[in-house]
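Visitor: I would like to go through this model term by term and hear what each label rests on. Could we have the sequence and structure on display?

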Amino acid sequence: MAKVIVMPKLGYTQDEGQIAQWHKQVGDKVEAGEAFFDVHTDKSVVTVEASCSGTLLKIALEPGETVSVLTPIAVVGSADEDADAILANYVTKTAADAQDDADLDDLPEEQPTAEAADAPAESLKLTPRAQKYIQENNLDSASIAGIKGTGFDGGITERDIKASPLARKLAAAQGVALDSLTGTGANGKVMKADVEHAAAARAMQSTETPDLLVESETPYKGVRKIIGDRLSQSKFTAPHLYFTDGVDTTNLTAFRKQLNEQGTVKYAVSDLLVMAASKALRKFPGINSALVKDQIITYKSTNIGVAVEGDNGLIVPVVKNVQFKTLSDIATETRDLIARAKQGRLSPDEYSGGTFSISNLGMFGIGNFTAIINPPEAAILSVSSVRKTPVVITDENGEDAIAIRPIMNIQLSVDHRIIDGLLASQFVEYMKQLLENPVAILL
């Protein structure tokens with residue numbers, strides 16, 4: 001019997017997915033458990049194994065196309081089965097089930113049963129984003145209990161609460177971004193009429209000569225929204241405090257050149273930064289901490305994240321337990337992590353579990369910038385470009401003189417709730433000492 005393969009939901013926060021690559025083509029034999037296709041998720045590419053055996057009869061979604069989770073993407077069955085008919089029957093049945101919910105748009109506001117109204121919010125099957133939406137909007141359990149969830153195993157998603165099924169379907173057909181609408185339904189839920197009004201307003205605007213020309217419109221969702229939400233939470237929850245100093249990189253550059261001339265492993269400045277940060281964190285463990293609920297956690301492990309701009313947005317692969325690794329270990333691991341991060345090929349455990357992060361924009365010529373802490377960490381170090389700068393030095397006669405030196409700005413952003421200014425200052429000055437005397441990094 002043929003089976004319709006749908007876009008998998010690989011996490012509670014995933015609402016849509018994109019095929020990166022099919023490992024099978026139409027007509028190929030498929031065995032349960034073997035690699036079937038790759039899916040772009042929020043920040044990485046995940047290989048999905050086949051859940052059944054048979055012949056791949058139809059591919060309904062080409063690589064690069066994005067669809068909602070649970071959308072049909074392929075049909076697997078016997079060679080003599082009609083894939084188009086099977087897919088059509090599946091779509092018809094799914095549409096009929098959805099119409100049962102959509103028809104509610106034309107009825108008075110649904111009243112939950114007495115049992116549902118009395119159900120506590122804790123007993124409802126809610127995704128994390130749905131829980132957050134409920135808390136932020138002070139919704140009561142009675143208004144939510146009557147909603148039919150469309151998430152994994154019937155879970156109620158944020159989208160179920162914010163928009164009716166028919167409104168979502170109409171918005172997709174009209175190209176209207178649901179996130180841009182203010183709903184008129186219960187608890188601000190977006191209804192069919194809201195979408196129709198937005199579509200009509202857009203059509204009317206398009207017939208007029210615009211005062212503002214728009215190049216393109218991109219929905220604020222996916223990885224960009226995830227990054228924005230996390231950084232907004234960090235910026236507005238944790239009071240940031242900043243500490244900046246300039247580092248003379250004369251010795252650092254010479255030391256790195258010497259290492260690269262003598263060894264088989266090629267070292268980047270970021271490798272030395274990671275090892276120096278690990279040593280500084282062990283000297284000042286208060287920086288290597290996090291505020292989790294009402295507990296301040298100080299870590300023994302120095303797990304250093306290195307911010308990278310990948311194909312799917314900003315991602316921070318983490319070098320775990322740097323305190324146990326040599327410089328060559330760090331260089332090899334960092335090179336591999338960064339390469340796969342740019343390709344979106346990291347697994348979730350490779351970009352989570354950090355205790356401290358480094359954001360290095362020096363290669364882009366940035367003179368100075370301020371980084372936002374990557375939660376739940378308590379600090380992040382931003383590293384700028386090296387620039388020839390006039391500085392005051394003391395010559396061999398004890399006299400002050402002006403000299404040109406290669407100076408690199410480093411700035412530490414800390415969560416002032418758990419890290420005080422003195423500790424942060426000590427950390428920055430020790431980092432400066434290590435980078436200006438780089439042999440000490442290895443001792």
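**Burial and rings**

Guide: Both F356 and F427 are buried. Buried stands for under 20% relative accessible area, exposed for over 50%, and partly exposed for what lies in between, with a 1.4 Å probe and protein chains only. The model is predicted, so local features need pLDDT of at least 70 and side-chain atom pairs pLDDT 80 or more, while totals for chains, interfaces and linings use all residues. Residues are numbered from 1 along each chain as its sequence is written, and side-chain values use heavy atoms, without hydrogens and water.

Visitor: How many aromatic pairs does a search of the whole structure find?

Guide: The search gives 5 aromatic pairs. One of them joins W22 and F37, with 5.1 Å centre to centre and 55° between the planes. W22 belongs to strand β2 (residues 16-22) and F37 to strand β4 (residues 35-40), 15 residues apart, and the pair thus links distant parts of the chain. Strands here are DSSP runs of E with at least two residues, helices are runs of H or I with at least four, and both are numbered from the N terminus.

Visitor: Why is the pair of W22 and F37 called tilted?

Guide: Rings of Phe, Tyr and Trp (its six-membered ring) pair if their centres lie within 6.5 Å; planes under 30 degrees apart count as stacked, over 60 as edge-to-face, and the rest as tilted. The centres of W22 and F37 are 5.1 Å apart and the planes make 55°, so the pair qualifies and is tilted. Both W22 and F37 are buried. F356 and F427 also form a tilted pair, at 5.6 Å centre to centre and 55° between the planes. Here F356 sits in strand β16 (residues 356-360) and F427 in helix α12 (residues 421-436), 71 residues apart. W22, F36 and F37 form one aromatic cluster.

Visitor: What makes the charged end of K283 sit over the ring of Y430?

Guide: The label requires NZ of Lys or CZ of Arg within 6 Å of the ring centre and within 35 degrees of the ring normal. The charged end of K283 is 5.2 Å from the centre of the Y430 ring, and the pair carries the label.

Visitor: Why is α10 called oblique to α11?

Guide: The axes of helix α10 (residues 269-283) and α11 come within 9 Å and cross at roughly 125°. That angle makes α10 oblique to α11. Under 35 degrees would be roughly parallel, over 145 roughly antiparallel, and 65 to 115 roughly perpendicular; the rest is oblique. Axes are lines fitted to C-alpha atoms, for helices over the stretch in contact, and angles run from 0 to 180 degrees between N-to-C directions.

Visitor: Which relation holds between α10 and α12?

Guide: Their axes come within 10 Å and cross at roughly 135°; α10 and α12 are therefore oblique to each other. In contact (heavy atoms within 4.5 Å) are L273, A276, A277, K279, A280, L281 and K283 of α10 with F427, Y430, M431, L434 and L435 of α12.

Visitor: How do you know whether K293 is buried or exposed?

Guide: K293 has 79% relative accessibility, so K293 counts as exposed. N321 has a relative accessible area of 26% and is therefore partly exposed.
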